[in-house]
Amino acid sequence: MFSLSQTESLQLEISSYCNAACPQCPRNIQGGATVPNLPLTNWSVDQFEHVIDQFVGANLSMIYFCGTYGDPLMNPHIIKMCELIRKKFSQCRIGIHTNGGLQHHALYKQLAKVADFCAFGIDGLEDTNHLYRRKVSWSKLIENAQAFIDSGGYAIWDFIVFEHNQHQVEAARQMSIDIGFKEFNVKKTSRFVSRQHKVSSVLDVYDREKNIEYQIKVPTDDTYINKGYQKISKSSQKTFQTYLKETAINCNSCRIKEIYIGSEGLVFPCGWLHDRLYCEDARQHKDHATLQKLFAHIGGTDKANIFHNRLQEIVDRTWFPLIEKQWKTNSIERCALMCGNNYNIIGDQNQEIDYKQ
């Protein structure tokens, strides 16, 4: 693991609220109701300042607003937070990831002045984007993206490919150029390997009462299928399980020296561990119980929470060293899946872009 002073990248989930209901997002049940045990919160400016002040003296080059459960644009203080970064960490790049369909276009004009880039999750065109980005208004997100671009903002179009939108990739790429996006990123999704680490090619999409509305499917065009997913789907369950128990783990967060902090204040090397806590499917996986045991080992979740414990204690002395210790026995299966040597399903997800560069 790396030390707090060596941290180069910081990913912050400043809100656990979201206007969308994406079917493979851990904050809802397959596009339906929000998971009942999710803490709903927005960071205050004081909380944000408390967090970033603990990185003074670190080697930060990037602060990225994203998250596991929420959209950062749901936090009403995001402009002030960006301004504080500019004041305290003038060398830092500021990145934002959003579905683009919330708030008012005037806010995006302001964001263009304080953020280095904004990645918009737009998975298709007007007739398909809503099939994954449920509840997102197409006209509103285009208006907001255009306001950001027209105000000088560096915009990235993130396009997750499914069967229902694979025929629109090149049309969307051309639209991104016409509107003024600087980059277009084809995302080969890894999420058809479920949070119970089972492979599927189809996901039922629910309404709030768990009635099936429709399905989303893996692309049929091999160009857009995640290579890690392909390897897993072609392996026997026994081979895959043996792999998860035995593979060497090369933590991506260690490679880029990144710390992730969730909306409730819990600190992890990455959001892939954060999604073990509240998601209905993930709570049924053994990783959830393992993390609860690890929290108990250090004295409870407060000991891993930046709002209750000093970050240096969390990263350098207790929580992060305990997570790293698990890699010797692969006791956290999520780490083996995401950062194992062979079936690394994240490596192929963003081929066309590196947000951290």
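1. A contact here means heavy atoms within 4.5 Å. With that in hand, take the contacts in the chain between residues at least 6 apart in sequence: 76% of them join residues at least 24 apart. Please keep in mind that this is a predicted model.

2. Now the overall build. You can find 14 helices and 10 strands in the chain. Its radius of gyration is 20 Å, close to the 21 Å that the globule rule gives for 357 residues, so the chain is as compact as a globular protein of that length. Along the principal axes, the C-alpha atoms fill a box of roughly 50 × 50 × 35 Å.

3. Of the 357 residues, 58% are buried. The accessible surface comes to about 14,600 Å², and carbon and sulfur atoms account for 47% of it.

4. Have a look at the sheet. Eight strands form an open sheet with mixed pairing, in the order β6-β5-β4-β3-β2-β1-β9-β10. At its edges are β6 (183–187) and β10 (267–268), each pairing on one side only. Strands of a sheet pair through backbone hydrogen bonds, either parallel or antiparallel. For β3 and β4 the sense is parallel, over four bridges, and G95 has F117 in β4 as its bridge partner.

5. Which of its residues are buried? They are L107, Y108, L111, A112 and V114. An α-helix has 3.6 residues a turn, so residues three or four places apart point the same way.

Note on methods. Residues numbered from 1 in each chain as written. Predicted model: local features only at pLDDT ≥ 70, side-chain atom pairs only at ≥ 80, totals over all residues. Heavy atoms only, no water. Buried < 20%, exposed > 50% of the residue type's maximum accessible area, 1.4 Å probe, protein only. Helix = DSSP H or I, 4+ residues; strand = E, 2+ residues; numbered from the N terminus. Pairing = 2+ DSSP bridges. Rg over C-alpha atoms; globule rule 2.2 N^0.38 Å. Areas by Shrake-Rupley, 256 points an atom, 1.4 Å probe, with all protein chains shown as cover.
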